[in-house]
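User: Walk me through this one, please. I'd like the numbers and the cut-offs behind them.

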Amino acid sequence: MFERLTNWSRKRSPWVYHINASSCNGCDIELVATLTPRYDIERFGAVLVPSPRHADVLMVTGVVNAQTKDRLRQVYEQMPEPKHVIAIGACAASGGVFKGCYNAGQGVQDVVPVDMFIPGCPPRPEAIMYGVLKLLGEVK
Amino acid sequence: MSQVSMQQLQEYAADSNGKVSTPRKGEMFIEIDQAHIMGFISHVVNDLRIRLLSTITGLDLGQNFGIIYNFSHEDQKIQVKTTLPKNQPTTVSIVEIVPGAILYEMEIHDLFGITFTGNPWINLKLLLPDNWPADLPPPLLKSSKPAEIRKRLHLEVERKNE
């Protein structure tokens, strides 16, 4: 009974935390467009929170490099369970245009477990919204 | 402000054993010995009033390093090139003349390992990560291998399902 209630509330109000793991800001601008009134992801209950300790969903943009790798791991470990990670953009999925560079990793999944990839350089706000909603459909 | 007179630049360059060429319209390419670079840039900035240093470019030329100071003046570009040997990668900093050069020199020090004497921030890192091992070669040298650097920085991960 209580479990059903917590699941219901989690599904209807996912609090998201955004971390820029050395992104070029393209994906971040699209993410801001998703959160602000034009696309307004808040109507599905998704609120941007200022601390990872309050967050259910971690949104990562950008290619993970040697400087941001440990920081991303720290932020992920601060989140309470259950936690989900969405990797936004081509760089977060595979390294993107920076793949093969001396200081670029090959995506977020090498550092933290990822539940959903949203491809695109940058992805449209509709695509980010679709990804978040699809992830919510999987949350049980 | 008028156009930079080619003649004046040529005179300054001749004073410091440089040679001037115009690869394209509106561009001037000047090669100067490393010993005269400070005096020549002082002429360009203080006497000709070309104040905007767009950037400083580093080059790996095999045996030598190249440094190009790219100045902008209205629709003209003035490029001042100097070379220095790889076994002694030290040159003089132009921070006294162009204060904004401090970051460009830090960038070249990070990526090529060239030391600029007189730059107060030269030993601080600008672009490289904090955990960069001191014994790694600078990343933009032709001899350094990106894959090996990634391995040292623990960025290479073996994928199982590929």
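Analyst: First, a word on contacts: two residues are in contact if their C-beta atoms, placed from the backbone, lie within 7 Å. What you're looking at is a predicted model, where local features need pLDDT of at least 70 and side-chain atom pairs count only at pLDDT 80 or more, while totals for chains, interfaces and linings use all residues. Residues are numbered from 1 along each chain as its sequence is written, with chains lettered from A and ligands numbered from 1 in the order in which they are written.

User: Fine. How is chain B divided, and how far apart are the C-alpha centres of its domains?

Analyst: The bounds come from an automatic or database domain assignment. Domain 1 of chain B covers 6–123, and domain 2 of chain B takes 128–162. Their C-alpha centres are separated by 30 Å.

User: Which helix gives the most to the side of domain 1 of chain B that touches domain 2 of chain B?

Analyst: Five residues of domain 1 of chain B are in contact with six residues of domain 2 of chain B. Helices here are DSSP runs (H or I, at least four residues), strands are E runs of at least two, and both are numbered from the N terminus. With three residues, the top contributor on the domain 1 side is helix H3 (residues 101–112) of chain B.

User: What about the contact between the chains: how many residues of each class are on the side of chain A that touches chain B?

Analyst: Chain A puts in ten residues and chain B puts in ten residues. For the classes, Ala, Val, Leu, Ile, Met, Phe, Trp, Tyr, Cys and Pro count as nonpolar, Asp, Glu, Lys and Arg as charged, and the others, Gly among them, as polar. Chain A's side then splits into three nonpolar, six polar and one charged.

User: Which residue takes a positive phi in the hairpin of E4(B) and E5(B)?

Analyst: Two strands pair if DSSP finds at least two bridges between them. Strand E4 (residues 64–73) of chain B and strand E5 run antiparallel, joined by ten bridges, and B:His73 sits opposite B:Gln76. On its other pairing, E5 (residues 76–85) of chain B lines up parallel with strand E2 (residues 27–31) over five bridges. The hairpin has two residues between its strands, and the positive phi, near 50°, belongs to B:Glu74.

User: Over to chain A: how many residues of strand E4 (residues 84–88) are buried?

Analyst: Both faces of E4(A) are covered, with A:His84, A:Ile86 and A:Ile88 buried on one side and A:Val85 and A:Ala87 on the other. Strand E3 (residues 57–61) of chain A pairs with E4(A) in the parallel sense over five bridges, and strand E5 (residues 116–118) of chain A is also parallel to E4(A), through three bridges. So far as burial goes, the count for E4(A) is five of five.

User: What handedness does the β-α-β unit of E3(A), helix H3 (residues 66–78) of chain A and E4(A) have?

Analyst: The buried residues of H3(A) are A:Ala66, A:Thr68, A:Lys69, A:Leu72 and A:Val75, and their cover includes E1 and E3 of chain A. A crossover is right-handed if, with the strands pointing away from the viewer, the path from the first strand over the helix to the second runs clockwise. This β-α-β unit is right-handed.

User: Last one: which residues touch the most other members of the largest nonpolar core?

Analyst: A nonpolar core is a set of buried Ala, Val, Leu, Ile, Met, Phe, Trp, Tyr and Cys residues joined through C-beta atoms within 7 Å. A:Ile88 has A:Ile118 as its bridge partner in E5(A), and A:Val60 stands opposite A:Ala87. In the largest core, of 36 residues, those touching the most other members are A:Leu58, A:Met59, A:Val60, A:Ala87 and A:Ile88.

Methods. A residue is buried if 20 or more other C-beta atoms lie within 10 Å of its own, exposed if 12 or fewer, and partly exposed in between; C-beta atoms are placed from the backbone.
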